[in-house]
Amino acid sequence: MREAWSPLKNASLSFDPLAEMRGLAEEVAGADTEPDLFRALVKLSNARRDRHLSVTLVDGGLRVPFDDSRIQAPIRFLPDYATDRAHAFFVSDIARGWDARVTPGDRLTGVNGRSIEDYVEALIPYTRHSLIPNLRWTLARRMSARAIEVPPDLQGGDTVRYELERGDGTGYVVDAPWLAEGTIDWIGHDEREYAGFEPIRTFESFDVHRDAERRVLTLDWHRFGGDLIEAIDWLVDHADSRGLLEYDLIIDATRSRGGSLG
């Protein structure tokens, strides 16, 4: 069983998980619909501040309506780690051809009629996290991707409204539709492009790219997936049979996650 009670973590985040959970007792006991109970339990679980602990729907259990055919807005955000402000986010990517006004780098100032500060505070209880930097990263992703854990009123209806600000301070508003994630052609900062490299092989755990001229292999690392052993075996055999064992190796894990399937 995973240990959720870390005195060091609790002290660094200045919180008491038991007190946080007790504070949600009335909300859990007073939930009168299945979606309300599910999301109250999500908040109760997240009060422990452990990214690895979650509440999951099971067959025959609570029923929570959710349209997973449209889960992504045509815009993505990242946290601005260059500032200490916890509510600083900027546009990282947009769907090609969506809205010419939106430029990567524009600052996010509001969502669905709420200031970014109010919106973030409303979203945090529904967001699993252990550390603040990870919380900010997850919040940035969640602002433009629908999640069953988040109440519908926070995510908007058929569209989600974003208030944005350019570098010169000019503000503007866009209404973004919800789309199927795999249908979007992204442009911006977040797409992985390795200039001079050619893609060699794709795995669940990582993708392999090669720059023959500079004698470098790059692994675009995703996670410790179920094919990790197979992928490593292939990589070693491939390198051995093609004289690549003396190549330099770069492992890009800037957007990786954990996982124990390997």
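1. The buried residues of α5 pack against β2 (89-95), β3 (107-111), β4 (114-115), α6 and α7 (152-155), where contact means heavy atoms within 4.5 Å. Helices (H or I, at least four residues) and strands (E, at least two) are DSSP runs, numbered from the N terminus. The model is a predicted one, in which local features need pLDDT of at least 70 and side-chain atom pairs count only at pLDDT 80 or more, while totals for chains, interfaces and linings use all residues. Residues are numbered from 1 along each chain as its sequence is written, and side-chain values use heavy atoms, with hydrogens and water left out.

2. In helix α5 (residues 116-123), the buried positions are I116, Y119, V120, A122 and L123, buried being under 20% relative accessible area, exposed over 50% and partly exposed in between (1.4 Å probe, protein chains only). Seen down the axis of α5, these buried residues fall within an arc of 165°, so they line one face of the helix; the arc is that of the directions from the helix axis to the C-beta atoms.

3. Helix α8 (residues 228-241) has 14 residues and reaches 20 Å from its first C-alpha to its last, close to the 20 Å expected at 1.5 Å a residue, the expected span being 1.5 Å times one less than the number of residues. Its buried residues are L228, A231, L235, H238 and A239. Because they cover an arc of only 95° around the axis, they sit on the same side of α8. The cover over them includes β8 (198-202), β9 (206-211) and β10 (216-221), whereas I229, D237, D240 and S241, on the other side of α8, are exposed. Just after α8, G243 takes a positive phi of about 65°.

4. The largest pocket has a volume of about 1,400 Å³. A pocket here is an open set of points on a 1 Å grid over the protein atoms alone, where a 1.4 Å probe fits, with protein on both sides within 12 Å along at least five of seven lines, and lining residues have an atom within 4 Å of a point. Of the 37 residues that line the largest pocket, R51, W137, T138, R141 and R257 are the closest to its centre. Helix α6 gives the largest share of this lining, 5 residues.

5. The second largest pocket has a volume of about 190 Å³, and its lining consists of E20, L24, K43, N46, A47, R49, I124, P125, T127 and H129.

Definitions and conventions
Points joined across faces, edges and corners; volume = space filled by probe spheres on them.
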